[in-house]
Amino acid sequence: MPNQSVWMIRLSLLYLLVAVTLGSILLIHKAMPLHPATWALLPIHYEMAIWGWLVQFVMGTAYWIFPRYLHDKGRGSEGMAWTVVIVLNFGIWLLIMSVFLESVALAGRTSILISAFLFAGLMWKRVVSYRTHS
């Protein structure tokens with residue numbers, strides 16, 4: 001498994017643990033009110049669950065499992081793959097911070113969009129059918 005996939009999957013599992021913890025706190029708060037500010041955790045829970053866990057897990061798994069290039073054994077630019085990991089996680093942290101500092105929300109969403117385009121560019125030529133290239 002490539003290092004980029006290892007790190008994306010490990011990070012996604014960390015985000016999952018934090019998202020589940022935050023979700024548990026929110027559910028406890030519904031049954032037994034803790035503090036009115038507890039609801040501020042809801043957007044952080046969403047961002048971590050969707051972008052941090054789900055999307056990052058899928059991207060890490062796809063980078064590993066998609067077929068390698070037919071003419072060599074590579075998966076494409078390793079530097080671009082590391083850039084996807086860094087830019088995606090930077091965007092997630094900006095979205096988390098946007099709960100407290102709204103002015104960084106656009107930068108966070110833009111970072112995630114850039115990482116998605118970079119990932120699509122990295123994977124585009126790896127979507128092949130081996131039947132047509134035998």
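Let's start with Gly79, which sits in helix H3, the stretch covering residues 78-97. Keep in mind that this is a predicted model.

- With a relative accessible area of 42%, Gly79 counts as partly exposed.
- Gly79 and Gln4 are 75 residues apart along the chain, yet 9.7 Å is what separates their C-alpha atoms.

**The salt bridge**
- How many salt bridges does the structure hold? There's one.
- The partners are Arg109 and Glu47, whose side chains meet at 2.7 Å, going from N to O.
- Arg109 belongs to helix H4 (residues 105-123) and Glu47 to helix H2 (residues 41-65), so this pair ties together parts that lie 62 residues apart in sequence.
- Is Glu47 buried or exposed? Glu47 counts as buried, since its relative accessibility is 12%, and the cut-off for buried is under 20%.
- Arg109, on the other hand, comes in at 39% relative accessibility and counts as partly exposed.

**A nonpolar patch on the surface**
- Which residues form the nonpolar patch? They're Met1, Trp64, Ile65, Phe66 and Val127.
- Together, these five have about 500 Å² of accessible area.
- One of them, Phe66, is found in the loop that runs between H2 and H3.
- Phe66 is partly exposed, and its relative accessible area is 30%.

Definitions and conventions: Residues numbered from 1 in each chain as written. Predicted model: local features only at pLDDT ≥ 70, side-chain atom pairs only at ≥ 80, totals over all residues. Heavy atoms only, no water. Salt bridge = Lys/Arg side-chain N within 4 Å of Asp/Glu carboxyl O. Helix = DSSP H or I, 4+ residues; strand = E, 2+ residues; numbered from the N terminus. Buried < 20%, exposed > 50% of the residue type's maximum accessible area, 1.4 Å probe, protein only. Patch = residues over 30% accessible without salt bridge, like charges linked within 9 Å, V, L, I, M, F, W, Y side chains within 5 Å. Areas by Shrake-Rupley, 256 points an atom, 1.4 Å probe, with all protein chains shown as cover.
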